[in-house]
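Here's a quick briefing to read alongside the model. Have the viewer open and follow along by residue number.

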Amino acid sequence: MAAQTTFERYEIKYLLTAEQKQAVLQAMAQFMKLDKYGRATIRNIYYDTKNFRLIRHSLEKPAYKEKLRVRSYQQVTAEQPVFVELKKKYKSVVYKRRLSLPEYQVSNAFFNNTPLPVCSQIGNEIQYFRNYYKSLVPMVFLSYEREAFYSLDGSDFRVTFDENILYRQQELSLCSDVYGTPILEDGYTLMEIKTSGGIPLWMTKILTEQGIYKTSFSKYGTAYQHMMMKQKKGEKKYA
């Protein structure tokens, strides 16, 4: 089956303690199943202007915001496919468009500031974005360990758990090992509910019972804030 290339959904985030995560997993057991990838380490490279225009705008919490990243679901070689993702958010709805190309083609296109070697509507949208912001460069490598669950009822309701979220400003390659500075406190998990519709009653019930409330949490935004705090303290730039 071909990988999905377009998404339109709500993405609701929660920070859980270890005990809350276990309670949610128990409640999910009869309704959801871990996907075929199990616990996967996701690697991302976020592209931005050299003065972080995109993430600075995003942190202002505007009605509309957008970002561009390249992602892989494992450590890749130059010949293996990676995803180029254009992600937009407007009034709480997330729109994601992505395409898949070999890593070396993506790296060469961004390094040389040339179009991606693909002719498609999504390719055109990504190129328009690049032209609009001009000179986008890799700014942050961000990785995390993810467990993704899908609904057994056939709906698009999904739940993901992200842990060991790390960022760095050096060795910005999806072919590299995972290391960096953590952005979550020990023992916490970032849970995301992804759905184009409502939240099932059983999930609403466990969230209420456990006192779990939605939060605003951007991985890239939090990494950027960490970097700025280090800069103010005069610490080393590279994590």
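Is Lys21 buried or exposed? Lys21 counts as buried, at 8% relative accessibility, where buried means under 20% relative accessible area, exposed means over 50%, and partly exposed is in between (1.4 Å probe, protein chains only). Before the rest, some housekeeping: this is a predicted model, so local features need pLDDT of at least 70 and side-chain atom pairs count only at pLDDT 80 or more, while totals for chains, interfaces and linings use all residues. Residues are numbered from 1 along each chain as its sequence is written, and side-chain values use heavy atoms, with hydrogens and water left out.

**The whole chain**

- The protein has six helices and 10 strands; these are DSSP runs numbered from the N terminus, with helices being H or I of at least four residues and strands being E of at least two.
- For 239 residues, a compact globule would have a radius of gyration near 18 Å, and the protein agrees at 18 Å; the value is taken over C-alpha atoms, and the globule rule is 2.2 Å times the number of residues to the power 0.38.
- Along the principal axes, the C-alpha atoms fill a box of roughly 50 × 45 × 35 Å.
- Of the 239 residues, 45% are buried.
- Take the contacts (heavy atoms within 4.5 Å) between residues at least 6 apart in sequence: 71% of them join residues at least 24 apart.
- The 36 positive and 24 negative charges have mean positions 6 Å apart. Lys and Arg count as positive, Asp and Glu as negative, and His and the chain ends are not counted; each charge is placed at NZ of Lys, CZ of Arg, CG of Asp or CD of Glu.

**Lys21 in α1**

- Lys21 sits in helix α1.
- Beyond neighbours within four places in sequence, Lys21 is in contact with Leu16, Arg39, Glu147, Phe161, Glu163 and Thr189.
- Leu174 is 153 residues from Lys21 in sequence, and their C-alpha atoms are 29 Å apart in space.

**Helix α5**

- Trp202, Met203, Ile206 and Leu207 are the buried residues of α5 (residues 201-210). They share one side of the helix, because they cover an arc of only 135 degrees around the axis; the arc is that of the directions from the helix axis to the C-beta atoms.
- As background, an α-helix has 3.6 residues a turn, so residues three or four places apart point the same way.
- The buried residues of α5 pack against β1 (6-16), α1 (18-28), β2 (32-48), β7 (158-168) and β9 (189-195).
- On the face turned away from that buried side, Leu201 and Thr208 are exposed.
- Just after α5 comes Gly211, with a positive phi of about 65 degrees.

- In α3, the buried residues are Glu103, Val106, Ala109 and Phe110. These also lie on one side of their helix, since their arc around the axis is only 140 degrees.
- The cover over the buried residues of α3 includes β2, β3 (64-72), β4, β5 and α4.
- Asn113 follows α3 and has a positive phi near 55 degrees.
- Leu116 belongs to the loop between α3 (103-111) and α4 (121-133), and is buried at 9% relative accessible area.
- Setting aside neighbours within four places in sequence, the contacts of Leu116 include Val106, Ala109 and Phe110, along with Val84, Leu99, Leu101, Ile126, Gln127 and Arg130.

- Ser92 has a positive phi near 80 degrees without being a glycine; it lies in the loop between β4 (81-90) and β5 (93-102) and is partly exposed, with a relative accessible area of 46%.
- Glu171 is not a glycine either, yet its phi is positive at about 50 degrees. Glu171 is placed in the loop between β7 and β8 (181-182) and is partly exposed at 45% relative accessible area.

**His226 in α6**

- His226 is in helix α6 (residues 219-233) and is partly exposed at 26% relative accessibility.
- Not counting residues up to four places away in sequence, His226 touches Tyr167, Pro182 and Ile183.
- His226 and Glu171 are 55 residues apart in sequence, with 18 Å between their C-alpha atoms.
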